[in-house]
Structure formats: structure tokens, C-alpha cells
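Walk through this model with the structure open beside the text.

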Amino acid sequence: MFARRRKHFGTPADKATYATLHTASLASPHLREGLTPAAAGKASRHLRDLLGTAAIAICDSSGVLAWDGVGGPYESNHRGDAKALAAPTLRSGRTAVLGAHDVACSDPQCPIRTAVVAPIVTEERVVAVLVAYSIRSSAALVRATEEVARWVSGQVELAELNKERTRAIEAELRALRAQISPHFIYNALAAIASFVRTDPGRARELLLEFADFSRYALRRGGEFTTLADELRNVERYLVLEQARFGDRLKVSLQIAPEVLPVVIPFLVVQPLVENAVRHGLEGTTGVGHITIRARDRINEAEISVEDDGSGSDPEVIRAALSGESGSDSVGLGNVDARLRQVYGDAYGLVVETAVDAGTKVTFRVPKYSSGVHATP
């Protein structure tokens, strides 16, 4: 016996709730771009749908960022006045309810007779206002306009936080480039110079590898790349280091093909490999082994760099991860900080080491993460 299928989905209240949440979700991605004219213009239609008014305007101190609603002569009658209507609320931060004597035009057919002006606030500062135009005002419209403006304020604050996060990551990346480049460039050029007379062909090949490495490491593109591209640059780095150390440097790569397309923060593997080379070979006379692994962990990729060198005191590593000055671990704290900024504290570096016992550095990244996209 089959149960009869319902002919409707929930109560009218359920449907109204769903419709409101869905409309808000359509506006949210645009507002997360910040309160620019383009973003405000894309979001304004959805904000007007939330309020159900004849028109809305979003204004800041420079003027009207966006208008949505009645067009033609009605828009021309009112859009030009929106900045003046918004000015008192921009100054005071208080909601204003304007009547026909403030808003209405001479056209008797115009559906705009009143307006509610509510502040959009970030960090206790009024950055813009939302103006809801209607044929009549009501307490419900005032409350709804204030709530929508408050929600817009939250989205704009999140946009500012995203910008701050991006700026912080970019600053960390610039700091890492400044930290790595002098050390590596000097050694790489010295290695190339040693082949100029004895093996000019080899010197030319190494110079091309150095150029490709530098182009990648110093690029001004986005903050993310694929694991495949990052490992390709690690390979260039190791070619140059093997020119210095010869047979003393042995490298093993164990890479699962499935994780090569995974997007990771730019320049997070190479600093770990550089640390392995420095602590595994520099200052010693024997052979150093470095193993680079990338494993598929269902929803994550796990990357590790291991050396059998001199190891380190765990307290020194803790100091490096905390960013304390004086540590000679190239970029370790920088890489750890950027991983945590992008993915959260659960995704920082895990370092296993002891004096005379080598070092293994491991980190995980989600295969898919919101806002993480490779850029050329």
C-alpha cells in the first residue's frame, strides 16, 4: 500500500521562510565582494525582493551605488535625490522615516511616496545606507529595512575580514620570498659559476632552471597553485642544489597521481625542501637522503618532506613555528601560519624531529575548500 504523496511542501510560513533564505543566499556572494558599485548593483535586486518595495537605493558618501526597482521617469525623478536623503543617516547612523513631503514627486502615478533610510555599519562606522522606497510606510517596513541593512552590514564586515585575511597572506608570502631568495640565489649562482669554464652546456641548463625557478617563486599571481606546479618548481630547486652537492644529495619522490591537481597555497612545499637540504647536508660530509611524499587521504592530500640529517631540538622548532626571531629554519613559521590562515588551526605543520635523528615535516590540505582556487 502506497502513501499518498503530499501536494504541497510545508506550510505557507515554511515556504515564506525558505523564499527569504533563498533570496538572501543569492545576494550574499555579491556583498562578500565588498560594497562596490558592481557588487551593490548585483545584490540590489535580491535586497528589493526581500523587502518587497517599489525600489531601493544603496548610497554612500560618494553618491548612489545602486538602484533597483521602478525605472523610466520614476527613477529619474528620485534617483538624483537619493544622496541628499541618505546624508542625515550617513552622519548620524539613525534610521529615518521620510514622508511624502520629503520624497514624493509631482507625478500622481508614481508608486514612490515614502522612504525608510537605514544605516549600513561596519566596525561601528556608517559606511552606507539602504533606502527602501514604497507607496506607504509602516512599522513593519521600518523593522524589515533595519534588519536587511543589519544583515548587509554583516556581509560587508565579512568582506572586509576576507580582504584583511588576503592582505595578511600576501604579506606573509612577501616576507617568505625576502627570506628565501638571498640565501638560495647566492648558492645557486655560485654553483652555476663553477660550471661556466668546465662545462658551459651544463651551466647554460642550470641558468635556465634558475630563471624558471625565479619566475615561479617571484611571480605576482594569485596566492594558490596546484600541487603539480609546486612540485615542478621543487624539482627545479633540487636540480640546482644537486649541482652544488653532486652525489651527496639523494632524492626520492613518492607522489600519488590523484593529488597532483589539488590546490595548495603558493610556495609551501619548496621551503620545507630547502630546510631539509640545509639541515640534511650543509655542515656535513656524508650523503643526505630526502624523501618527498604526497598521499591521497580520501578528502585530503597529505604532503611530507623527510630528511635523515642532523635533526633539531624540538624547542628550536617550536620557536620557529611561533615566528620567534633567531631561528634558521627557512620559512617554517611562515608556511605554518599561511596554512592555518587558509584552512584553520587543524591544518598547520606537524614536525617530528630530534637531535641526530633527522626531521619529518607533514601537512594536510583539503582537496576542496571554499575560496581556494589556483591562479596562473
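R202 lies over the face of F195, at 4.8 Å from the ring centre. A charge counts as sitting over a ring if NZ of Lys or CZ of Arg is within 6 Å of the ring centre and within 35 degrees of the ring normal. This is a predicted model: local features need pLDDT of at least 70, side-chain atom pairs count only at pLDDT 80 or more, and totals for chains, interfaces and linings use all residues. Residues are numbered from 1 along each chain as its sequence is written, and side-chain values use heavy atoms, with hydrogens and water left out.

Next come the aromatic pairs. A pair of aromatic rings is described by the distance of the centres and the angle of the planes. Rings of Phe, Tyr and Trp (its six-membered ring) pair if their centres lie within 6.5 Å; planes under 30 degrees apart count as stacked, over 60 as edge-to-face and the rest as tilted. The whole structure holds 4 such pairs. One of them joins W67 and Y133: the centres are 5.1 Å apart and the planes stand at 45°, so this pair is tilted. It links distant parts of the chain, with W67 in strand β2 (residues 63-69) and Y133 in strand β5 (residues 125-134), 66 residues apart. Helices (H or I, at least four residues) and strands (E, at least two) are DSSP runs, numbered from the N terminus.

Are these two residues buried or exposed? Buried means under 20% relative accessible area, exposed over 50%, partly exposed in between (1.4 Å probe, protein chains only). W67 is buried because its relative accessible area is 10%. Y133 has 1% relative accessibility, so Y133 is buried too. The rings of Y343 and Y347 also form a tilted pair, because their planes stand at 55° with centres 5.8 Å apart. Y343 and Y347 are both buried.

Now take helix α10 (residues 314-321). Its buried residues are I317, A319 and A320. They sit on the same side of α10, because they cover an arc of only 160° around the axis. That arc is taken from the directions from the helix axis to the C-beta atoms. The buried residues of α10 pack against α11 (332-343) and β11. D313 caps the N-terminal end of α10, with a side-chain oxygen 2.9 Å from the backbone nitrogen of E315.

β11 (residues 350-353) leads on to the strands. It runs antiparallel to β12 (residues 359-366), joined by 4 bridges. Two strands pair if DSSP finds at least two bridges between them. T353 stands opposite T359 in β12. The hairpin of β11 and β12 has 5 residues between the strands, and D356 there takes a positive phi near 65°.

Strand β4 (residues 114-122) has a neighbour in β3 (residues 96-98), antiparallel to β4 and joined by 3 bridges. V97 has V116 in β4 as its bridge partner. β4 also pairs with β5 in the antiparallel sense, over 9 bridges. The hairpin of β4 and β5 leaves 2 residues between them, and E123 in the turn has a positive phi of about 50°. How many of the 9 residues of β4 are buried? The strand is mostly covered, with 8 buried.

Finally, the whole chain. Its secondary structure comes to 11 helices and 12 strands. Of its 376 residues, 45% are buried. Contact means heavy atoms within 4.5 Å. Among contacts with a separation of 6 or more, 67% come from residues 24 or more positions apart.

Key: Polar contact = N/O pair within 3.5 Å; in protein donor to acceptor, adjacent residues only side chain to side chain.
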